[in-house]
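Here is a short briefing on one protein chain. Look at the model first, then work through the points.

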Amino acid sequence: MPENQADGMGDVLSAPVSAVVRASDAILEHAVGAYLESSARVRLRTAQELPDAKVSVLLLDAVDDHWIKVMRQDAARTPGTPVPVVMIADRITERQLSPAVEYGLTSFLYRDDLNLDRLVDAVVEAGAGRARMPDDLVPHLIAELADRQRRQTLTDQSRRDGLLVREIEVLRMLSEGMNTVEIADKMSYSERTIKGIIHEAVKRLHVRNRTQAVAYAIRTGIF
């Protein structure tokens, strides 16, 4: 059998990706759902079947608090990792990107660039664990993932060393030469609060002062 014919048969035999489609416009939801259902690569599920679907498709006029809430509720319905979300919208802000990623956003397509074949491709890719993001969102996404990793690392360190996450952050900034005014500005706290955090960290580590606390943190690998 020729190689290209075998590849084609593999595509035909591969199982379709189950997807739930919702939109901010009922007519658009029906039209896009009908197109996806006509594809051999996608099988449509109802919204009630979301926990059993491979992909959630959201077609939005705008990403707003309502749809972020919908994503949060969807994530709460699915045990473990949220169902991957393919979102189509005019834009998404950096502030919205963070919770959207947390609640399963895997691929984002701009409405102006959308065609139905690209949507099918994005759904199939999301079902296979692959992402599709516009170039202008990639730096924000990388920064969000890095920040999430940093927060997780701080949480792990907090559990290990008995310090609160904010105490670790303050000690780290002290080790970088920042003063309490600069730290307060960076963390959006008052200087008095920062001094209180330092005082608690010193007590928790059983050392005499902030200098010893920083030295202890460096020596023991807290940061």
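**Briefing: a tour of the chain**

Thr 106 lies in strand S5. Helices (H or I, at least four residues) and strands (E, at least two) are DSSP runs, numbered from the N terminus. The model is predicted: local features need pLDDT of at least 70, side-chain atom pairs count only at pLDDT 80 or more, and totals for chains, interfaces and linings use all residues. Residues are numbered from 1 along each chain as its sequence is written, and side-chain values use heavy atoms, with hydrogens and water left out.

**The whole chain**

- The chain has 10 helices and five strands.
- Of its 223 residues, 38% are buried. Buried means under 20% relative accessible area, exposed means over 50%, and partly exposed is in between (1.4 Å probe, protein chains only).
- The chain exposes about 12,900 Å², and carbon and sulfur atoms supply 50% of that area. Accessible areas come from the Shrake-Rupley method with a 1.4 Å probe; for residues, only the protein chains shown count as cover.
- Take the contacts between residues at least 6 apart in sequence: 64% of them join residues at least 24 apart. Contact means heavy atoms within 4.5 Å.

**The largest nonpolar core**

- In soluble globular proteins, nonpolar side chains tend to be buried together.
- A nonpolar core is a set of buried Ala, Val, Leu, Ile, Met, Phe, Trp, Tyr and Cys residues joined through side-chain atoms within 4.5 Å.
- The largest such core here has 21 residues, and Met 71, Met 87, Ile 92, Leu 105 and Phe 108 touch the most other members.
- At least two residues of this core come from each of helix H3 (65-77), strand S4 (85-89), helix H4 (94-102) and strand S5 (105-110).
- H3 gives the largest share, five residues.
- Which residues does Met 71 contact, leaving aside its neighbours within four places in sequence? They are Leu 58, Val 85, Met 87, Ala 100, Tyr 103 and Leu 105.

**One aromatic pair**

- The structure holds one aromatic pair.
- Phe 108 and Tyr 110 form this pair, which is edge-to-face, with 5.2 Å centre to centre and 85 degrees between the planes.
- Rings of Phe, Tyr and Trp (its six-membered ring) pair if their centres lie within 6.5 Å; planes under 30 degrees apart count as stacked, over 60 as edge-to-face and the rest as tilted.
- Phe 108 is buried, at 1% relative accessible area. Tyr 110 is buried too, at 19%.

- Thr 106 has a relative accessible area of 18%, so it is buried.
- Glu 125 sits in helix H5 (residues 116-127). Is Glu 125 buried or exposed? Glu 125 is buried, because its relative accessible area is 17%.
- Val 32 belongs to helix H2 (residues 26-38). At 5% relative accessibility, Val 32 is buried.
- Val 32 and Val 21 are 11 residues apart along the chain, and their C-alpha atoms are separated by 8.0 Å.

**Helix H8, side by side**

- Helix H8 (residues 180-187) has the buried residues Thr 180, Ile 183, Ala 184 and Met 187. They cover an arc of only 100 degrees around the axis, so they lie on the same side of H8. The arc is that of the directions from the helix axis to the C-beta atoms.
- An α-helix has 3.6 residues a turn, so residues three or four places apart point the same way.
- The buried residues of H8 pack against helix H7 (165-175), helix H9 (191-205) and helix H10 (210-219).
- Asp 185 and Lys 186 are exposed, on the face of H8 turned away from its buried side.

**Two positive phi values**

- Most residues other than glycine have a negative phi.
- Ser 188 follows H8, and its phi is positive, near 60 degrees. Ser 188 is in the loop between H8 and H9. Its relative accessibility is 67%, so Ser 188 counts as exposed.
- His 206 also has a positive phi, near 60 degrees. His 206 is in the loop between H9 and H10. At 71% relative accessibility, His 206 counts as exposed.
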